[in-house]
Amino acid sequence: MSTKPTQGDATRIIHNRRHADAEGSPYAPLYTTTTYRFEKTADLLNVISGKDDGNLYTRWGSNPTIQELEQGLAQLEQAEAALAFGSGMAAISAALLALGRNGIVCVGDLYGGTQELLKQCQLLGFPVTLLLKEQQTELAQALHTPGMLVYCETPANPTLSILDISELANVVHAHGALLAVDNTFASPINQQPLTLGADVVLHSASKYLGGHSDITAGALMASLELVRKVAPWRKNFGQIIAPEVAALLARSLRTLPLRIRQHNDNALAVAQAMQNHPNIRRVLYPGLPDFPGHALAAQQMQGFGGMLSMEVDGGFEQAAAVADNLQLFLLATSLGGVESLVSQPCATSHYALSAEERRQRGISDGLLRLSVGLENAEDLIHDLQQALARVFS
Ligand SMILES: *Cc1c(COP(=O)(O)O)cnc(C)c1O
């Protein structure tokens, strides 16, 4: 369910406010409080019964700082409502627990933590089916029971491969299932899955939404109806975001459109420079015209994002040496911060997969994944060139 905005993304997020503040603060102040006092028992009963709006207890989600953040999160994805969580995995686990009991079908590559969580869902008795991106013809068969949940990521990690969200949503809905998309890699500035037919969007806000590698948080955006189904799981599994973190995240969101557009520009510049480098075999970036998913990405995304992968000549040793010789790109997992990061998927995010599983997914030992930050693009390109020159000269 999505609501069409009348203003641009930057205007909307900068002017996201819930209440006029008595002290004149443009945004909700930080309410660190866990509980709220009432004048009379009758007032408390009116709130607890839902007759009146009002705050009761922060773990339940009733906290003005968190609620203003959630209004902003919903707006970014053009959703009716949003829930903020203590981490991306908290958001994903609440969604799977609330909506996945009839069966979860995953399409394409998934974040490693999500793959582990799916194994835990199986321990709880949830039927889980994993399909490769190429196995979409098997999707209809896998959706044999009404009320199942289809789960995917696009662009995927680390190959940046693109799934057609509208096409998936059509198949999923024809079989009475729901579609959930982890939109962490794209960010809501570059892609809004709900407008393409998805039912639930998930984010690790520890990445682009937070944007400074100093916040651990998560978000879920959906229709009010679905948000109401997920909310009790967050409440009773105790997955609420801390108000202090919510205030930091709300501040980060006000620069999200600006940051993402610069991440997009920087990543494209780096991708183009690396594409022409003699020691780089291929660059995987949705913004490059010869990338296999380019046309689809151009259709369903407004920008191509700040993530790219590239295959270095040689193999594991050479790629590791390039990573070790970089000076600006920090050798670290994670993504989406102002600082550029490099990681070697076969040694980090996809370490747990067998060589065969990595081969199936196109993850070679020479692949490096870059999270292109907000430094000057020329400096980032120069850093990559000097590291490559050290290894290959
Ligand atoms: C990091 C990440 C997560 C998990 O988020 P946390 O905030 O670390 O819990 C989930 N999905 C994707 C795509 C991620 O990159």
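This is a predicted model: local features need pLDDT of at least 70, side-chain atom pairs count only at pLDDT 80 or more; totals for chains, interfaces and linings use all residues.
Numbering starts from 1 along each chain as its sequence is written, and side-chain values use heavy atoms, with hydrogens and water left out.

Back to the ligand. There are 13 residues around it, and M89, D182, S204, S206 and K207 come nearest; a residue is near a molecule or strand if one of its heavy atoms lies within 4 Å of it. Helix α4 (residues 88–99) gives the largest share of the shell, three residues. Helices here are DSSP runs of H or I with at least four residues, strands are runs of E with at least two, and both are numbered from the N terminus.

Now for the polar contacts, meaning pairs of N or O atoms within 3.5 Å (within protein, one must be able to donate a hydrogen and the other to accept it, and residues adjacent in sequence count only if both atoms are side-chain atoms). M89 uses a polar backbone atom, 2.9 Å from an oxygen atom of the ligand. D182 has a side-chain N or O atom 2.7 Å from a nitrogen atom of the ligand. With S204, a polar side-chain atom sits 2.8 Å from a ligand oxygen atom. On its own the ligand has 380 Å² of accessible area, and the protein covers 91% of that (Shrake-Rupley method, 1.4 Å probe; for residues, only the protein chains shown count as cover).

Zoom out to the whole chain. The domain assignment, automatic or from a database, gives domain 1 (9–253) and domain 2 (256–392). Their C-alpha centres are 27 Å apart, and 37 residues of domain 1 touch 39 residues of domain 2, with contact meaning heavy atoms within 4.5 Å.

Next, find the open sheet of five strands, ordered β8-β9-β12-β11-β10 with mixed pairing; strands pair if DSSP finds at least two bridges between them. Strands β11 (residues 341–343) and β12 (residues 367–371) run antiparallel, joined by three bridges, and S343 has R369 as its bridge partner in β12.

Finally, some backbone details. The loop between β4 (149–153) and α7 (165–174) holds P155, and the T154 to P155 peptide bond is cis, with omega near -5 degrees. P158 is in the loop between β4 and α7, joined to N157 by a cis peptide bond with omega about -5 degrees. S213, in the loop between β6 (200–204) and β7 (218–222), is not a glycine, yet has a positive phi of about 55 degrees.
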